Each structure stands twice: as structure tokens, then as C-alpha cells.
Amino acid sequence: MPASRQASRAGRPFGPAGRTALGALDADAAAALMATSDLALVIDGEGTIVDVAHGAGDSVLAPIDAWVGRKWQETAADDSRGKIDQLLREVAATGTTTRRQ
């Protein structure tokens, strides 16, 4: 990872809820998740954001900290809410989702 990209990872790491949710991942998998993401959300079974993590280099992402406790759909544009509903239904039914960007 380039040094500039690595330095931005010092931003807001996951708090206790995120660390608990990621506890099933080994250290390499958790590191890969954060290395490939500008933003990571931990969502509970009801679609509520329970934790966020993002890089410090992205000051535009700082307000995202306030998303904790809100429904994921509330944070998205109207045209994305259907996609979020589909993802939540899929994970409820199968325990996973197909990869998306």
C-alpha cells in the first residue's frame, strides 16, 4: 500500500461494536477489508449502522461518524434505497451477499 494511502488509514478505526462484529475474521482478512475500503459500515440485522470506520485523509467522511444508530437507508440517496433493501433481504435469507461496489 502506498505510504500516502497507508497514512490515511489512521483515521477513525472501528470501535467496540465493529471489532466485535469483525471478530470472526482473522487479522489478514480484517486488514484487507480496511485496505480496500475508503469507508466501512457495520450493520446489524435490523439495518441499523452500529459502527463506522474511515481514513483520516478523507475529511469529507468525518460527518459519517454521526450515522451510528441510524438506519442505513436513511443515509442513502433515494435511488439507492431499493438496492440497500435488496442487500438486507439477501443477507437475511442467505447470511451473505454477492459482491457489489
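Arg 70 and Glu 74 form a salt bridge in which the closest N and O atoms are 3.5 Å apart, a salt bridge being a side-chain nitrogen of Lys or Arg within 4 Å of a carboxyl oxygen of Asp or Glu. The model is a predicted one, in which local features need pLDDT of at least 70 and side-chain atom pairs count only at pLDDT 80 or more, whereas totals for chains, interfaces and linings use all residues. Residues are numbered from 1 along each chain as its sequence is written, and side-chain values use heavy atoms, with hydrogens and water left out. Arg 70 is partly exposed at 32% relative accessibility, and Glu 74 is likewise partly exposed at 43%; here buried denotes under 20% relative accessible area, exposed over 50%, and partly exposed the range in between (1.4 Å probe, protein chains only).

A search of the whole structure returns 2 salt bridges. Besides the pair described above, Asp 78 forms a salt bridge with Arg 81, with 3.3 Å between the closest N and O atoms. Because Asp 78 and Arg 81 are 3 residues apart in helix H4, about one helical turn separates them. In general, an α-helix has 3.6 residues a turn, so residues three or four places apart point the same way. Asp 78 is exposed, with a relative accessibility of 63%, while Arg 81 is partly exposed at 31%.

At the level of the whole chain, 4 helices and 2 strands are present, helices (H or I, at least four residues) and strands (E, at least two) being DSSP runs numbered from the N terminus. Their order along the sequence is α-α-α-β-β-α. Of the 101 residues in the chain, 27% are buried. Among contacts (heavy atoms within 4.5 Å) between residues at least 6 apart in sequence, 43% join residues at least 24 apart.

Thr 75 occupies the loop between strand E2 (49-54) and helix H4 (78-94). With a relative accessibility of 18%, Thr 75 is buried. A polar atom of the Thr 75 side chain lies 2.7 Å from the backbone oxygen of Trp 72. Leaving aside residues up to four places away in sequence, Thr 75 touches Ile 49, Trp 67 and Arg 70.

Helix H4 comprises 17 residues and spans 25 Å from its first C-alpha to its last, close to the 24 Å expected at 1.5 Å a residue; the expected span is 1.5 Å times one less than the number of residues. Ile 84, Leu 87 and Leu 88 are buried in H4. These three cover an arc of only 95° around the axis and therefore lie on the same side of H4, the arc being that of the directions from the helix axis to the C-beta atoms. The buried residues of H4 pack against strand E1 (39-43). On the other side of the helix, Asp 79, Lys 83, Arg 89, Ala 93 and Thr 94 are exposed.

Gln 86 also belongs to H4 and is partly exposed, at 41% relative accessible area. Its C-alpha atom is separated by 9.5 Å from that of Thr 97, 11 residues apart along the chain. Gly 95 follows H4 and has a positive phi, near 85°.

Conventions. A polar contact is a pair of N or O atoms within 3.5 Å; within protein, one must be able to donate a hydrogen and the other to accept it, and residues adjacent in sequence count only if both atoms are side-chain atoms.
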